[in-house]
Amino acid sequence: MTHILELVSLVVAVSLVFNIDSAHAARNNKFVTCGTVLKLFNTDYRVRLHSHDVKYGTGSGQQSVTATEVQEDVNSHWAIKAATGKNCERGEPIKCGDIIRLHHLATNKNLHSHHFQSPLSGNQEISAYGDEHGVGDSGDHWVVVCTGESWQRNSPVKLRHVDTDMYLSVSGRTFGRPINGQMEVVGVSSPYSGTDWTAAEGLFIHQTEKDGGPRHTEL
């Protein structure tokens, strides 16, 4: 009888630990975290933030940044990193108000802006910038504008450019060749026009658990 009671107690204890661990993991899984690689989806225009090795023919002449309706394009993957010269712990939730960089995996450049006009609408140009090591400057810095404590995966956020106070947006205008059909991505002063972005597909790094390795999900 004593043996049975001990066994039942052990099962209950294990169940409690499992449930607490699962609840903790579920809470962590809600957030976009440092080191996550994702696609950013514009909720107004239903397109994903995109870049490629095609330079603007006007303005800065830097690598162009656009938005695409194509869900599967690998050129839409961006890694979440800390500001230049700073570190963030892998798997740590990105807090509202944090300054981040968005690093384009395919070309090793950072999402960037500056005082140049965009080619189609005359708003502020958004480009991809950095050296062969992916190192750029303060023009790569973006403030995460959201509600609550941290950036939640299922909630829209705005990205405000630190140097110019412009918000990452989509103008609704489309390019011709060589990037036919892709939309112009711009910086705008109003936070209300095409400025909401959500975390779409990606590899989401979870906080490191006490038992060792980081957990992640792939979507």
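## Close-up views of a predicted model

**View 1. Strand 4 is largely enclosed.** Four of the five residues in strand 4 (residues 78–82) are buried, so the rest of the structure largely encloses this strand. The model shown here and in the other views is predicted. Strand 4 pairs with strand 1 (residues 37–42) in the antiparallel sense, over two bridges. Strand 4 also runs antiparallel to strand 5 (residues 99–104), and five bridges join the two.

View 2. Tryptophan 78, in strand 4, is the bridge partner of leucine 38. In strand 5, tryptophan 78 is partnered by histidine 104.

**View 3. Glutamine 63 is buried in strand 3.** Glutamine 63 belongs to strand 3, which covers residues 63–68. Its relative accessibility is 5%, so glutamine 63 counts as buried. A polar atom of the glutamine 63 side chain lies 3.4 Å from the backbone oxygen of histidine 52. Residues up to four places away in sequence aside, glutamine 63 touches a run of residues that includes Ser51, His52, Asp53, Val54, Lys55 and Tyr56. Also among the residues it touches are His104, Thr107, Lys109, Ser127 and Ala128.

**View 4. Threonine 198 is buried in strand 12.** Strand 12 spans residues 197–205 and contains threonine 198. With 14% relative accessibility, threonine 198 falls under the 20% cut-off, so this residue counts as buried. Setting aside neighbours within four places in sequence, its contacts are Lys39, Leu40, Phe41, Thr43, Ser155 and Pro156. Lysine 158 is 40 residues from threonine 198 along the chain, and their C-alpha atoms are separated by 8.9 Å.

View 5. The bond from arginine 177 to proline 178 is cis. Omega is near 5°. Proline 178 sits in the loop between strand 10 (167–174) and strand 11 (183–188).

**View 6. Arginine 46 has a positive phi.** Phi is near 60° at arginine 46, a residue other than glycine. The loop between strand 1 and strand 2 (47–55) holds arginine 46. Arginine 46 has a relative accessible area of 54% and is exposed.

**View 7. Aspartate 165 has a positive phi.** Aspartate 165, also not a glycine, has phi near 65°. Its place is the loop between strand 9 (158–161) and strand 10. The relative accessible area of aspartate 165 is 47%, so this residue is partly exposed.

Note on methods:
Residues are numbered from 1 along each chain as its sequence is written. This is a predicted model: local features need pLDDT of at least 70, side-chain atom pairs count only at pLDDT 80 or more; totals for chains, interfaces and linings use all residues. Side-chain values use heavy atoms; hydrogens and water are left out. Buried means under 20% relative accessible area, exposed over 50%, partly exposed in between (1.4 Å probe, protein chains only). Two strands pair if DSSP finds at least two bridges between them. A polar contact is a pair of N or O atoms within 3.5 Å; within protein, one must be able to donate a hydrogen and the other to accept it, and residues adjacent in sequence count only if both atoms are side-chain atoms. Contact means heavy atoms within 4.5 Å.
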